[in-house]
Structures are given as structure tokens and as C-alpha cells.
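Here are my notes from going through the model you sent.

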Amino acid sequence: MKSLKKVRLVLAILFFLPILLFFIDFTGKLPLFLHNLVSIQLIPALLSLNVVVVILLVILSLLFGRIYCSTICPLGVFQDIASWKSRLFRKKSKKYRFEYSKPNNIIRYSILAITIIVFIFGSSFLILLLDPYSIFGRTISQLIRPLFIWGNNGLTGILSKMGNYSLYQVEQVSFVPVAFSISVFFFVLVAVMSWFWGRLYCNTICPVGTVLGFISKISIFHISIKDSDCTSCGLCEKHCKSKCIDSDAKKVDDSRCVSCYNCISTCKKGAITYRSRYKYKKDRPVLNVVDNGRRTFLLASGAALSTVAFANTKKLIGNNESMLSRKPIMPPGASNFEHFNRHCTGCQLCVTKCPMQVLKPAALQYGISGITQPHLIFSTHVFCTYDCNICTSVCPTSALRKLPIEEKKRTQIGVAKFRKNKCVVFTDEKDCGACSEHCPTQAVHMIPYKDGLTIPEVTENICIGCGACESICPARPYQAIYVEGNTNQILAKKPSEAKKFNKKIDDFGF
Amino acid sequence: MKRRDFFKSAAIVGLASVFKTNALGSVVSGNHVAVHSEPDLVAVMGGEPGVMLTRALKELGGIGHFVKKGQKVVIKPNIGWDRKPELAANTNPELVGTLVKLCKSAGASEVIVFDNTCHDWKKSYTNSGIEKAVIAAGGKMVPANDESYFREVELPRGVNLKKAKIHHALLECDVWFNMPILKHHGGAKNSISMKNLMGIVWDRGFFHSHDLHQSIADIATFHKSPALNIVDAYRIMKSNGPQGKSEADVVMLKSLIVSHDFVAADTAAMKLFSQVQPTDMKDVRYIALAEKNHVGTQQLEKLNVKRIKL
């Protein structure tokens, strides 16, 4: 029984560490299959309608309670680490300082209900904000990963001065204040809550925690206290980061227990067991506890519903169109704006994996509900690589559908627009052709202009909107060629091939 | 005799580094004085890349003529694009690998290869096949993806381009080889040895916004000129350059043009190219502009040109 905690720890490390490293890895060396670890996160699985994973997670929770929160959820493990580290800063007597507290049912059920209602009304904004995996993703990619890149670049500078090129300079993902503040806010919220109150965040705010709390109320295995052996010493209560053990009443609130098994390890009398709820039911005196949870839940949902009804739902969902000036460019595989906006939780995985770093978290380009969702921003040397479909391969929520490489090469995410009056061929009457040079499909090609000069022309139906032309156009600050994003991604025509040259040349020509 | 040869070539190399190989080349050709018997331009046709290179170098006095024991060598191929070798967007990897091997055999302490790529540099290094070939031959691939690798250099003879940031590996080496591939080019009309120099520079945008042709001619005045321009024409890209769309853009010419003279190399390469895709030399303006900048000559007939068919 006492080894259960160790099993939990090992599992937590096995899930947490690869996910953490996968987010931090800025070299693209870690294998892409690691994205499977984030595809089994509950919200991504739900959004991508991954029925198998959802059923497995439900079964897991029905069997063992909220073990998901203690092992699979990276934000959960992150909180355990924060809570554990906080002990180093406490006096010995206060190291294990938790005490039972009542569940904040109204808050947690309201948050869950509002999140669901808003989703039903068509906006994933609250899911984006509250999904624990996505909060973790944003925290790591925007707050932790940059530190590693700084470290790498500093070290690279020193090494390359010594003629060692084993490391190389890596560009930081650009700083987006709105997205950054959201990440900081949730990072601070989660870190402070776990530092002082253990798993309070999971049991008050996190909608995933609340849902799994429902399931774990009827889970087969659960923590129970053997009345006969318990001396009500309170040791387990002090160690319970979920603050769900009432040692006086010898009760455990299953809906908040995250199956961390710390109590089992800590009990000197062996009075705490992890066993089937149903097998032992008959032995136990039926506790006459009114299950307030359900009542509160209904109350909260009612309150939430009326709030939403009163509030202007349109405002809540956000009228996205009006906020756009230049149409933002969605990553390939997003299909259309509605699908993308509804499914993306802004976890930043695609942003961290994009080898060109052309993906950036959006501020308000997609409207309020699209904050932190990725969009493409072209800058010198930064555009969408023709032969790359990494973002579509790692997306766990199906906001980006996985595109086979041949389909990716024809997926039109936007269309290049040429404004002649800004082009250096027009303004300076000199050759340039940088845009056409970089165009992978030759949708942008050079046509005769005057005096042997050539000027770009765009064939829109073979343009895929990769932005290579915009990224390299020397006309600054307003490029002569730029990409207008598609709200509906379509399949561009296949570019025609050149005529083959079949004659044999066996003379130098000079 | 060997020792005498050595002293002779050492003296020439010494002279060359004092004056500048190009200048020496034009002096030699201009006066028709045979200071040394090596040709100014060697063209080889009909062999595999490595074989043709070895042969061309033999005509020029062997690799030892250019690389001395303990020297740091830089090779600058075209690795601009995330394309496989068959698409002829990048220099032939076998050619690069062979040169690395030859430099190593001549006692080079280090052979560094880099390019400031247009596509994702890691994918370009890998998919061009060049990284693999270089490492297998004992060379070193160096990144050029960040401004911090580049140092500013004055170009007093430049017309538009007066200064440029150039990769520090190239500034610090003892000798370097320019190793372009012959391609059609949407902007510059053709990409050969001088156009390849845009990959030693950080800010290519400046070129495009300040008369591309003049800027290319200006970068060719960079005081540290390459020991040789080795133009890969094993496969050439005849259309849709510089990236190409498919193998239909590629023509197999199995050729190689080697010269210390930028202008001569590019002129010869253009003549070879024009047999496949007729091009008006005047439209490739940077060649004439470079001649005006005194970095070489278009008059091949005045040079000692060696043509070899294998």
C-alpha cells in the first residue's frame, strides 16, 4: 500500500518530464511522436473528439479516482512541485501545514457551468483560458523556454568565439504583451495557490478537476480511513494537499482527492487504505451526509445560465470580424476560422515547434476569444516552409488537421497581393525579384516590364500564402507584396511544370 | 625540382596575397607575360563532380597550390534552399565533399562550410546533402543564421554597397573557395559566382533595395577574394530559379568551370547556360558592372582558357 505514492511519483515524472522538455526543446531534436502525450490530455481529447482517449480517461477515473490530476496533467504535477518546493521555505513545524477545508462548490460548479454554456453558445474562450494543459503550455513556452534560449545564445556566443560551433543561435519567439500577460497571470495564480494551499486551484477553478471530481465520487477505488485503526492524530490531514481529509470526522472528500496517496504513506497506524468503495460498503456505517454537491451544482448552473442570458451573449462570444484590420493568417490545416477559433486552446505547442518561428500567439487579431491562438507573422527570413507540416502534426486539439505533406504544399492559407507603386522595380527602375526568387510555386513570377527589367505578377490560384515573398520584399516598412489571410483555407491549383530540356549539350559554348 | 616548384608557387601565392589574385590575373593576361603556366580558367565536361574537380585542380597546379599545411579553409557553396541535390538548387554535395577532402589532404587544419540560407538553415544544410558530405570528408558545418556571426567590413571600391556584414569564419580564414551552382534566377537573371557572395553577407535586403546588380558587382570587390571560383554545372537549373519547381527545371550538363576571376567565371558560365536557355548577357547586368569595378574581365579570348573533355 505504501508504495502507491512511489508509483504515482514515477508515473508523474514519466508524463511530466517529456511534455516539459518537448515544450522547451528549441532545436527540434526531440521526436514529434511525443505530442501523443499531450493528445491524451482531457480537453484536447474532448475537442478533437478523440473518443478512445476520452473513454479511457473516464474508465481510469472510474477505477482509481482523479489519478489523472496527479500524473497525466502537467499543470497538476507542476503544482505538486511548487507545493513541494514551498516546504524548503518553511519552518520545520509548518512543513506539513494543510488542514481540512470545505469545498468551494459554488465557485467550482459555476466556473464549470459557465465554461460549458459559453462553449455551447459558440465560444471556446473560457476553455482556452482554463484548460490546465494549455495553461501549462503557455507558461512553459512564454516564460520558461525563453530563459533556455537566452542561456543557449549566451553560451553559443562564447563557444563560437572559441571556434566551437556545436551550439547555434536561436531566435526568440517575439514578445506579444497581451498573450504574455495572460500567461503571467495564470502562472502567478496557479503558483501562488499551490505554494500556499496545495491543490486549491484544481479544486476550485479548474473545470477539468471539477468534472473528474464528479466521476471520482463514484470511483471504485478510493481513499478511506479504517475507523478502528485511526487515532485521529491528524497527520494525514496535514499532508493532504487537496485539504480534503477531515481527520476528526475520519472522512475523505473523494471529489477533491487527487489520488496522490501521500496520506497512505504518512499514516503510522496503517489506517488509511485505498480500496474498493463497493466491497466494503456493507461494513461501514452509512454516513448520513447530505450530498450538497449536486444541489449546489444545480444552483450554480441556474445562476450561471441566467447571468449568461442577461449578458449580451454576442459580446461574450466576441464579434471577431469587426476587430480585424488586415485579415490574420491561420496556420495550415485550420480549415476555416470558425473551426479553428473553436478548437484551438492556445497551448502554444505549434508555436514552439515551428522551425521557422513564423507562428506567433495572437493578441487581438482573431478577436477576444482568439487571444494566444497562433497566427503567422512574416519578417525577414521568416515565412512558412513549403516542405513542412509540423504544426499540423503536433496539434492535440484538431484545431489544425494533420495535413500530408503534398496536401500542405497546396493548402492556401492566404493570397499574395502585389502593390506595384511600392515595388523597387517601379520606384527605382532597378531589378529585384526577391519575391519571385523565394516563391516556391512561382505564383509570384517576373514578367517583362521595360528596358530588360522584369516586375512581379501573382497568379492567385497557385499561391498558397506562405509569405516567402512578403518576408523578403525589400520595400520597407510597407512591403510591395504581402499576404492577405484566408478565412476559409482552400486547395490551391497545382503549379505547372517547366518544359523539359532534352537536347544534349557537348560544347562549352565559349 | 620539387623544392624549386614549391618555392615558385609559394612566391606566386605570396605575391598573390600581396596584390590580389584577380589583379594579378588581369595583369598577367593583359600583358601576355607568362609568369606562371597555370591557366586562368579551366572548364571540364563529361565526368562526375569529384573527378572533374580533381582534374581541374590538377591543371591549376594541384590543391597544394592553394592550401598550405595548417591553414584554415572556408568553402562557400550555395546551400540556400531546402532542396534535394537532384533539384539543382544547391551546389552538388559530392563536389563540396571532394574539395573538403582535398583541402584536408593538403594539410588544412580546419575546413569550414557555411551559407546564409534563404530557407530554414538546418533543413537546407541537411536536405542539400552538403552537411553529410562535408562531415564525412572531415569538414565542419558552421551556422550563419544569426547576425552575431557577422562582422562589418568596408568595401571602398563599392558603388552602392560601401560596407557589408560578412561571416566571421570567412574573415578569419587563411584561404577560401567560392563554390556556386549555375542557375537561372528570377531577380538577378542568373546566379553564378558573384551572386553566390550574397550568402557570405548578413543583410541581403540591402542588395535588393539598392540596385541588385550594382550591389552584386560591389560585393565582388571585397578585398579578400576567393582563391578560386568553382562553378558547379553538373546539374544546372534552367528555369524557375533560384529554387526551381521540379526536376523539369534541371538539365544535366556534367560540367565544371574553375577560375580565380569572378567575371571570367560568370561569363563562361553564362555562355554554357545560354546553350540551354538563350539569355542576353546584357541583362545579367552585374557581370558588366563588376568588370567596371575591376574585379575581372569578360574577354575570355584574352585569358589562358583550358577546356577539357573527359
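Predicted model: local features only at pLDDT ≥ 70, side-chain atom pairs only at ≥ 80, totals over all residues.

How many residue pairs are in polar contact across the interface of chain B and chain A?

1. The count comes to 22 residue pairs in polar contact, with both partners at pLDDT 80 or more.

2. Together the two chains bury about 4,400 Å² between them, and carbon and sulfur atoms give 56% of that. On the chain B side, have a look at His208(B), Lys245(B) and Gln275(B), which supply 14% of the area that chain B buries against chain A, more than any other three residues.

3. Salt bridges across the same interface are quickly listed, as the rule finds 1. Asp431(A) forms a salt bridge with Lys189(B), and the closest N and O atoms are 3.2 Å apart.

4. Moving inside chain A, I'd stop at Thr411(A), which belongs to strand β7, residues 411–418. Thr411(A) counts as buried because its relative accessibility is 8%, under the 20% limit. Its side chain reaches the backbone oxygen of Glu407(A) at 2.7 Å. Leaving aside neighbours within four places in sequence, the contacts of Thr411(A) are Gly333(A), Leu403(A), Ile464(A), Gln489(A), Ile490(A) and Leu491(A).

5. On to the aromatics. A search of the whole structure turns up 19 aromatic pairs over all chains. Phe508(A) and Phe510(A) make one that is tilted, with 5.7 Å centre to centre and 45° between the planes.

6. Still on rings, Phe16(A), Phe23(A), Tyr133(A) and Phe136(A) form one aromatic cluster.

7. Finally, two places where a charge sits over a ring. Arg342(A) lies over the face of Phe119(A), 4.0 Å from the ring centre. Likewise, Lys353(A) has its charged end over the ring of Phe22(A), at 4.2 Å from the centre.

Definitions and conventions. Residues numbered from 1 in each chain as written. Chains lettered and ligands numbered in written order. Heavy atoms only, no water. Helix = DSSP H or I, 4+ residues; strand = E, 2+ residues; numbered from the N terminus. Buried < 20%, exposed > 50% of the residue type's maximum accessible area, 1.4 Å probe, protein only. Polar contact = N/O pair within 3.5 Å; in protein donor to acceptor, adjacent residues only side chain to side chain. Contact = heavy atoms within 4.5 Å. Phe/Tyr/Trp six-rings, centres within 6.5 Å; stacked < 30°, edge-to-face > 60°. Lys NZ or Arg CZ within 6 Å of the ring centre and 35° of its normal. Buried area = accessible area lost by both parts, 1.4 Å probe. Salt bridge = Lys/Arg side-chain N within 4 Å of Asp/Glu carboxyl O.
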